[in-house]
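Student: I have the sequence and the model open. Can we go through some local features together?

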Amino acid sequence: MTHRTIKPAPNIVQGTPLDAKALKRGKIFLNSYAPALRYTWDTGEAMGRYLAELKNGRLIARSCRKCERVMIPPRMFCERCFRPTDDWVYVKATGTVNTFSLCYVSWDVRRLKQPEIPAVIEIDGASPGMGILHLVRKVAPKDVRIGMRVAAVWKPPAQRTGSITDIAYWMPINRRSQRTVSAK
Amino acid sequence: MTKFMRRALETPKELAWLAAKAALDSAEMKLDQIDGAVLGSAPDAFDGMHMKGEYLADGCGGWRKPYLRCYVGGGTGVYAVAQGWFQVASGLFDTALVVCEEKMSTCQPHPQAAFISIFDPFTEQPLKPNLLWIFALEQNRYMQTHHITLEEIARVSVKNKRNALGHPSAQLGAEITVKDVLASEVMAWPVHRLMVSPTSDGAAAVVLAAGDVARRLTSKPVWIQGVGWCLDTAYWTNRDLYYPEYVEKAAWMAYRMAGVKEPRREINIAEPYDPFAYKELHHLEGLQLAPKGQAPKLLADGVFDRDGDLPVTPSGGLLGVGNPIAAAGTMKICELFWQLRGEAGRRQVPGKPERGVAQAWGDLMQVGTVVVVGTSEPKH
């Protein structure tokens, strides 16, 4: 048997990088397409109730009697026990910042002067570690902390549409005060 | 593999072809010696080409062959190699060609906007999230849990971009300092610009063969000793992000298959997924190559340098070579192939490594894919 040496990397690397200059020279032909696609998602049972309760200014979870978890966002089946969940459980519109970021880039890659503060917020009344994604405001970016207590600030009822954005944002609360706050 | 670049002249199909042909040439094989072909590629939204698996088939050598596309988010590039391995290890085929391709530059002005549709349409999309959010949230949780500093995280960028200087495909090889990383723009605190891999165009490919076929092709085959993968729930806000349990499960699946009982002793070289700097450390812990929270210290001690006890990402990784999503994972397998054969040139790690692990990750902090390769034939 002869030993055949497989050629090392430098000999097999190909590809033609383009840069702004090459494109400007106009020698490269391009074609563009902007898709006009629209999607409408049906909510299903659990999400439908969740959104309806958001419109009412309340957070609701689902519990599984087998693993004894209170889950938010709510779901009709428990992914661990692989059985139907059992009960609707109202949980509080207060919670604890599990983690956060100060984000200076929008979803479509525009720069932001004032950062958005996305956070995972562990919800009071749900099982430990059960968080939802939302935004924190009304706090100086340098003052946000993991472990910070926050409360939901709801849009006025007339402006609610049955959406996660019916909670306008979350803001810090005094450790002793557990009451929720309404947006003006 | 092709160069990894911000924007390539070549079409996705041409990139796939360049990588596939290079893999066949290096094995001195023709397409008619290939029994089946596997493609790995990320969401269609980047290419704006629906059914891109079918479109890319020709470039992957899939013409009139059993061919399929597989996809597990960012974990695809390592998983695709496992997918090819199933076909050969099952005895169905003698040979398989695995090609991973990504062309992200097609999506204008920036492929980031295509990521919004990975988020839940009810609970997350209305908040207008971007991909930086989830990495920043995870990095912050990881740092807070173990009291890790930004300097410790920044060292990953310094090491990987330096390692990439020796890689002929590299898009962002550079000699930088921890200070440069920390002085770079804050994208989403605690993530700084130089802690983020670029968007890239590129492709990478490998040829897999049954043992007896491989021995006829070369006296130095590199063996796939174990494969593993695992998905956690998409309810990512219900999990503690400080530790990737799904990576641990995937790693043990692969280690068990490979007969590895003590990963820190038995793995000589590691290519963990490093789309963001902290991710390399996070994944090394998931891969059982560092105790929880200790990867930053081992990095600072030089353990993960190219000439350290456990060279990590000698390729230069996604931070240095680039991140054409699926192709980046396969690039890591290619690196192990060259390293284990002693053919990595300027990037060669000393000490004749005998076994390596490659890992990729993806979706909503959710997927771990792992392949263990080595110089000795596995017993299974």
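Student: Is B:His147 buried or exposed?
Tutor: This is a predicted model, so we go by computed values. B:His147 sits in the loop between H5 and helix H6 (150-164) of chain B. Its relative accessibility is 67%. The cut-off for exposed is over 50%, so B:His147 counts as exposed.

Student: What is the phi of B:His147?
Tutor: Most residues other than glycine have a negative phi. B:His147 is a residue other than glycine, yet its phi is positive. The value is near 55°.

Student: Which loop holds B:Gln288, and what is its phi?
Tutor: B:Gln288 lies between H11 and helix H12 (295-300) of chain B, in the loop. It is a residue other than glycine with a positive phi. That phi is near 70°.

Student: Is B:Met143 buried or exposed?
Tutor: B:Met143 lies in helix H5 of chain B. Buried means under 20% relative accessible area. B:Met143 has 8% relative accessibility, so it counts as buried.

Student: Which residues does B:Met143 touch, leaving out those up to four places away in sequence?
Tutor: Contact here means heavy atoms within 4.5 Å. One of the partners is a proline, B:Pro190.

Student: What separates the C-alpha atoms of B:Met143 and B:Val373?
Tutor: Along the chain, B:Met143 and B:Val373 are 230 residues apart.

Student: What kind of peptide bond joins B:Trp189 and B:Pro190?
Tutor: B:Pro190 is in the loop between strand E4 (186-189) and strand E5 (191-192) of chain B. Omega for the bond from B:Trp189 is about 5°. Most peptide bonds are trans. The bond joining B:Trp189 and B:Pro190 is cis.

Student: What is omega for the cis bond between B:Gln108 and B:Pro109?
Tutor: B:Pro109 is found in the loop between strand E3 (95-103) and H5 of chain B. A cis peptide bond links B:Gln108 to B:Pro109. Its omega is about -5°.

Student: How are H5(B) and H11(B) oriented to each other?
Tutor: H5 covers residues 131-146 of chain B, and H11 covers residues 277-286. Their axes are 10 Å apart and the angle is about 60°. Roughly perpendicular starts at 65 degrees, and roughly parallel needs under 35. H5(B) and H11(B) are therefore oblique to each other.

Student: What is the handedness of that crossing, and which residues meet?
Tutor: The crossing of H5(B) and H11(B) is left-handed. From H5(B) come B:Phe135, B:Glu138, B:Gln139, B:Tyr142 and B:His146. They meet B:Tyr278, B:Lys279, B:Leu281, B:His282 and B:Glu285 in H11(B).

Student: How is H6(B) oriented to H11(B)?
Tutor: H6(B) and H11(B) pack with their axes 7 Å apart. The angle is about 100°. The range for this class is 65 to 115 degrees, which makes H6(B) roughly perpendicular to H11(B).

Student: Which residues make the contact of H6(B) with H11(B)?
Tutor: From H11(B) come B:Ala277, B:Tyr278, B:Glu280 and B:Leu281. The contact divides into five nonpolar, two polar and three charged residues. On the H6(B) side are B:Glu152, B:Ile153, B:Val156, B:Ser157, B:Lys159 and B:Asn160.

Student: How many of the 17 residues of H14(B) are buried?
Tutor: Helix H14 of chain B runs over residues 325-341. At 1.5 Å a residue it should span 24 Å, and its end C-alpha atoms are 25 Å apart, which agrees. Just after H14(B), B:Gly342 takes a positive phi of about 75°. H14(B) is largely enclosed by the rest of the structure, because its buried residues number 16 of the 17.

Student: Which residues of chain B does A:Thr165 contact?
Tutor: A:Thr165 is in the loop between strand E11 (149-154) and strand E12 (167-172) of chain A. At 22% relative accessibility, it counts as partly exposed. Leaving aside neighbours within four places in sequence, one of its contacts is A:Lys155. Those in chain B are B:Pro126 and B:Leu127.

Technical notes:
Residues numbered from 1 in each chain as written. Chains lettered and ligands numbered in written order. Predicted model: local features only at pLDDT ≥ 70, side-chain atom pairs only at ≥ 80, totals over all residues. Heavy atoms only, no water. Axes fitted to C-alpha atoms, helices over the stretch in contact; angles between N-to-C directions. Helix = DSSP H or I, 4+ residues; strand = E, 2+ residues; numbered from the N terminus. Parallel < 35°, antiparallel > 145°, perpendicular 65-115°, else oblique. Left-handed = near helix turned anticlockwise from the far one by under 90°. Expected span 1.5 Å × (residues − 1). Buried < 20%, exposed > 50% of the residue type's maximum accessible area, 1.4 Å probe, protein only. Nonpolar A, V, L, I, M, F, W, Y, C, P; charged D, E, K, R; others polar.
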